[in-house]
Amino acid sequence: MLMATLALATLGLILGGGLGVAARKFAVTDENPLIKEIEALMPGSQCGQCGFPGCSAAASALVEGSAEVTCCPPGGVGLAEKLAALLGVTLDAGQMSAPLLARIDAAQCTGCTRCYRACPTDAIVGANGQIHSVLANACTGCGKCLAACPEDCIAMAVQQPTLDTWRWAKPQAA
Amino acid sequence: MEYLLFLIGTVLVNNVVLVRFLGLCPFMGVSSKLDPSIGMGVATTLVMTLGGISSWLLEHYVLLPLNIGFLRILAYIVVIAAMVQFIEMVIRKVSPPLYRALGIYLPLITTNCAVLGVPLISVREGHSLVQAGLFGFGSALGFTLIMVIFAGLRERLALANVPAAFSGPPIAFVTAGLLALAFMGFGGLI
Amino acid sequence: MFNLARIRGGIHPAGHKDRSAALPIGTLALPPRLYLPLRQHAGAEAMPLVKVGDRVLKGQLIASSPSEMSAPIHAPSSGTVVEIGPVLAPHPSGLMVNGIVLECDGEDRWIELEAPANPFDESPLLLAERVAQAGIVGMGGAIFPAAVKLKQGTRHEIKTVLVNGSECEPYLTCDDRIMRERAEAIVDGARLIQHILRAYRVVIGIEDNKPEALAAMRAASEPYGAIEVEAVPALYPMGSAKQLIQAVTGREVPAEARSTSVGALVHNVGTVYAIQQALRYGRPLISRVVSVAGSCVGNPRNLEVLIGTPAQALFDACGGFSQEPAGLLLGGPMMGVNLPSLQAPVIKGATGLLALARHELRDDQASPCIRCASCVDACPMGLLPLEMAARARVDDLDGANDYGLRDCILCGCCSYVCPSHIPLVQYFQYAMGQQDERRQGARKTDYIKQLTEARAERLAQEEVAKAAAKAAKAAAKARPTTAAAASEVES
Amino acid sequence: MSTMSVAFGPFAHDRSSVNRIMLHICLALAPATLFGLYLFGWPAINLWLLTCATALVTEALCLHWLGQPLKRLLDGSALLTGWLLALSLPPWAPWWIGVGGAAFAIGIGKQLYGGIGQNIFNPAMLARVALLIAFPLQMTTWAVPHALGSAAAPGFVESLAITFTGAPLADGMSGATALGNLKTELTLGHSAEEILAGNFSLIPALLGSTAGSLGETSELLLLLGGLWLLARRIIHWEIPLSLLLSVAVMASIAHQINPDRYPGGLYHLASGGLLLGALFIATDPVTSPVSRSGRLIFGIGCGVLVYVIRTWGSFPEAVAFAVLFMNALSPLIDRYCRPRAYGRTSSGKPLAIGRQTSQVKREG
């Protein structure tokens, strides 16, 4: 009995000590590089469409698992796929909502400049007293202009397909 | 030549997964993609070879002299667990992507029954030190071989229209069974 | 002399070229209206220079190119601009694109053309610029601005100019007829291109199933030593630049690189003819030869038509439909696309209009892949189409790339031979489109990131400026004399 | 025009189809099959019909359950699977061997994976191996050929008894295959040359009047069918050639070293199901690699395994095991053996630009 106890205890001591040394030698310093990596991927416009206050909050939420990888409409499917690969989850592309763009109804716009001051990406151009218009390639669809507009002349709409954005459909057959 | 035959016997004829049915958990868990399965195979090979040798040493220099053979399973588990811990640390340091890919299965090598079973079989068969090392190495090689073959098959299966009821693990188990059928052809070789 | 390298894969589809190749190129009565999409080329949309109601003359510039990667558009006939707005694009999507609608006045009056001096005395860059101003794009269907290619001569050493006369698509015979009827002009054009690119030699590659075209081109190039006419084996896709370069020079264009990296440049015979017309006579590209064929067409033949002519007019001129067509195509049956409507206009890259009967079309019922590897044998690029399609099917785009999607030229050989009738090319188109979308998305994300950062910086600066102004004000209030003194010093 | 019948290109097609391929293979099998049926008489005909019919019925049932178009039955792949299985069975096997085997082949080997083109293992060989392991006695009871119409051959009524009641074969009705005989005799200490001199001669072995599976005995007729398939480009030459060559080469080398223990290459080529396997089973496109180098590796692998298992393993016949094992490897082979793409090196890197331009090819 004593022999067995001693033997096991010695074994445990030796192995434990060895592991302790190894742990020091092969210590991994960086705590969670994932959050930074994800934040670098995000659009960074802090639009808040994901429901989190800004992109870095969303990145932390993603790493914790409290946000879906499809949460970022401006990033699109491309971002969702990258996130899914990084986080090791499977992506259900069907969940992705189509990105919306702001559109200004020229007939109602008074050129008050409030929307373009609210726009986080400078996607609205125009000057005081002139009709404003939205640059499609800079608009993230965050909707902040919508709230800022006193005339209610801004609407969010799915972008119309053009020859540049039209894509071949996936074949239906097996 | 003798050792070569011994090795072939352990890898193919008495394959640890398909003939002895050991180590099925990581075999099913990690074999869905090729790259992690190769990594898992390498890690397991390392653990099993070292495990085979160290448990032989433990057996012949500690357990038998002290006459405490009844502690065999306990002692083996302790040694293997320590070794897995060590390998985990090394992999984490050397190759973070592999570490991430292996995920939970790396610590699970500890509970991989093949890792414990192979030294126990080795003791039962009364292997010499070289044989014990070869047996561990060969078994792990057989494990890796099957993992890699199986990962290839599962990558193909992922593209197939398997009926919904069978897709995923069910068809993988069916395939493993059929693969075992094919391996029966090696019976009697050694 | 005989240095033909064997092309891998490829197929031998039935030609169906006899009927349309037998008749000379015909002309078409002036249509009442011409529909001119502003983008008939690869690159940016041209910008209209005319207003609704403007009267224009034939050959007059009506839309200019905003950048190098674009092409201007000229009025194909004289008349009045009646509309600037969406016109139907000859594109499988059936989308409308911005365009100009021209009502012909029937006079067909040319604008005064500058008769250029002997182009061989001019500098290559000037000649290339003239080609750009003539709005010439690749007329074999690639619609790549021709001048961009011609300017490569200043940057790369071009050893061989290849004139692509190996019209390998079934049914199409427009290049064949041009070579038979306008051989001198093509040889002249080829010499001009050689001059522009300072190339060592010119090879006109013609498939050996066009003996008349070969004979005509050989006769026309006889006086010029640097121009060779070579018969290349009749094989689809011999008309693809990469395959033609391999067949003629024996070299492969490295992946992800341009033909110029092996010292070669390929121009279609139609493009060469258009370049010759522009440089010799100052004529812009306002018309092209189109093959109208298929078993549903009464009298298949080639027609020289004005750009912007609706497809209906071409079919009418060829005797209308002998039976209800099961498929209407723009381009050849291998790489062509569905014509969305008979009202869609002919554009610069339209090689043919086909009206095919049911028996000429493939079976649309796909069954699962049996991995017979016919597609692997047929692929001229040495890829694994079955693996690419299987991965595209489950949206594994990286996997598809890994199996060669990046190198795919969409020639369709794989679909042609597939016993399971799998629409492989559409899978590839789909996967490529998805990747384009990802790239566009990533570009937009980067752009937005830049904008956000710029805005943040600007706001910060404004803040600093505001604070500074405030501080200055406060300081001025506190010590007006010093501030005044300071401002004095400053002024 | 909205009623476009084909939505996307290419619009032309060479008119090939899956059922044409399957039909060709069945036609190529026909001579050897007819000869086998003639040779082994009514019980073999019963077995062949039962196996093919079961394969078709199982396929139809599975298609129905899986909600797939029943039209797929017409592609001929199920018929071919049943046919190949029947050819690899002992000709006088009882009915349940054929029926159970065919149901296993189609149900588990093929439809469980999603049907045609999705299976990983060759269904016919899978069923054969499963039967061999589950019913070793029935699967190794070989009838001696009694040609249809000859005096000793069982009549139609007798044949029903053999097939359906499993009446034991009378003495003199059963014999051993050449491979099985060799294996047994070698363990008794006889030398290979003695054994072969005793009961093996090449010409009957090639013609097929020997004991063996239903369709594997007539090497010449199988070769004829295989060559026709090769000429029609239905199968590729790489697998049969490399498989047969590697068996022949290994057997010849071993024979040179120790003729007492190892019979020569021709013996191996002429016996067992090697030719049937090399020409019709290993070439199954679904379960073999797609690239040329991959097919060569596949063929060599099969050949080596056939020889190793035949010579040192516990089964005298090895084609089915070898094919199954290589089937399992073919996804890996496909992954690593790819044809060189245009403009790339064989490792997939783009060709170097500089090297290409320096090879100036002036004046061709």
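Which residues in α4(D) meet which residues in α15(D)?

## Helix pair in chain D

D:M125, D:L126, D:R128 and D:V129 of α4(D) meet D:A320, D:F321, D:V323 and D:L324 of α15(D). Contact here is C-beta atoms, placed from the backbone, within 7 Å. By class, this contact has seven nonpolar, no polar and one charged residues. Nonpolar covers Ala, Val, Leu, Ile, Met, Phe, Trp, Tyr, Cys and Pro; charged covers Asp, Glu, Lys and Arg; the others, Gly among them, are polar.

Helix α4 spans residues 123-134 of chain D and helix α15 residues 319-336 of chain D; their axes come within 9 Å and cross at roughly 125°. α4(D) is therefore oblique to α15(D).

## Basis of the model

The model is predicted: local features need pLDDT of at least 70 and side-chain atom pairs pLDDT 80 or more, while totals for chains, interfaces and linings use all residues. Residues are numbered from 1 along each chain as its sequence is written, and chains are lettered from A and ligands numbered from 1 in the order in which they are written.

Axes are lines fitted to C-alpha atoms, for helices over the stretch in contact, with angles from 0 to 180 degrees between N-to-C directions. Angles under 35 degrees count as roughly parallel, over 145 as roughly antiparallel, 65 to 115 as roughly perpendicular and the rest as oblique.

## Chain contacts

The contact of chain D with chain C takes 42 residues from chain D and 59 residues from chain C. The chain D side divides into 22 nonpolar, 13 polar and seven charged residues.

Between chains A and B, 14 residues of chain A are in contact with 16 residues of chain B. The chain A side has 12 nonpolar, two polar and no charged residues.

Notes
Contact = placed C-beta atoms within 7 Å. Helix = DSSP H or I, 4+ residues; strand = E, 2+ residues; numbered from the N terminus.
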